[in-house]
Amino acid sequence: CALLRLFGAVMIVGSSALFGILCAKNEHRRVEQLEGILGLLRHIREQISCFRRTKSKILISFSDTRPEMRVFVSNLHASAGEAQPLSMARVGYDTLGLSTFLTAGEKEQLTAYDKQFGSHDGESEIRCCDYYISVFTEILEKEKKEMPGRMKLYRTLTLMGGLMLVILLL
């Protein structure tokens, strides 16, 4: 019976530690995804300022090898043959592969940009890109600044929660 209790305690502590590690990993994935979105916005700005390309050609020419952006990039490229170019508002974030790590406010910002993208002249598009680049840069800097504390909190709380549960059950 004591061996069974010990096994249960190890399982509870191990699973709580694993949960903390997964939460910390999601923080890294969120930062990677924000970096990928910033890369997309910078790519759009460069393509507009240098080549004056259309929306669909700009989106198709974007590439990013980050794992968090792979689904997004493949969906951008898959939409090349459609009558309407890919729209984040039209397709939805689940299809784009961005549903997991963006907050509601970030989705709203990205959707607002997407609705404006392609509807202005070149200079207005560049100013719009600059604005959203600054918005997402601020978000990314804030996330990077707060990430170590949150990761420590995730690991500590989940491990302590598991230990408390073991104490209560034993």
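The count of salt bridges in this protein comes to 7, a salt bridge being a side-chain nitrogen of Lys or Arg within 4 Å of a carboxyl oxygen of Asp or Glu. The model is predicted, so local features need pLDDT of at least 70 and side-chain atom pairs count only at pLDDT 80 or more, while totals for chains, interfaces and linings use all residues. Residues are numbered from 1 along each chain as its sequence is written, and side-chain values use heavy atoms, with hydrogens and water left out.

**The whole chain**

Start with a cartoon view. There are 7 helices and 0 strands, in the order α-α-α-α-α-α-α along the sequence. Helices (H or I, at least four residues) and strands (E, at least two) are DSSP runs, numbered from the N terminus. Of the 170 residues, 37% count as buried; buried means under 20% relative accessible area, exposed over 50%, and partly exposed in between (1.4 Å probe, protein chains only).

**Helices α1 and α7**

Select residues 2-51 for helix α1 and residues 122-169 for helix α7. Their axes come within 8 Å and cross at roughly 175°. Axes are lines fitted to C-alpha atoms, for helices over the stretch in contact, and angles run from 0 to 180 degrees between N-to-C directions. The crossing makes α1 roughly antiparallel to α7, a label for angles over 145 degrees. The contact between α1 and α7 holds 29 nonpolar, 8 polar and 11 charged residues. Here Ala, Val, Leu, Ile, Met, Phe, Trp, Tyr, Cys and Pro count as nonpolar, Asp, Glu, Lys and Arg as charged, and the others, Gly among them, as polar.

**The salt bridges**

Next, show the side chains of Glu27 and Arg150, which meet in a salt bridge (3.0 Å, N to O). Glu27 lies in α1 and Arg150 in α7, so the pair ties together parts 123 residues apart in sequence. Glu27 is buried, with a relative accessible area of 7%.

Then select Glu143, which meets Arg150 in a salt bridge (2.5 Å, N to O). Glu143 is buried, at 8% relative accessible area. Through shared partners, salt bridges join Glu27, Arg30, Glu106, Glu143, Glu146 and Arg150 into one network.

**An exposed residue**

Finish at Leu6 in helix α1. Its relative accessibility is 51%, so Leu6 counts as exposed.

Terms used: Parallel < 35°, antiparallel > 145°, perpendicular 65-115°, else oblique.
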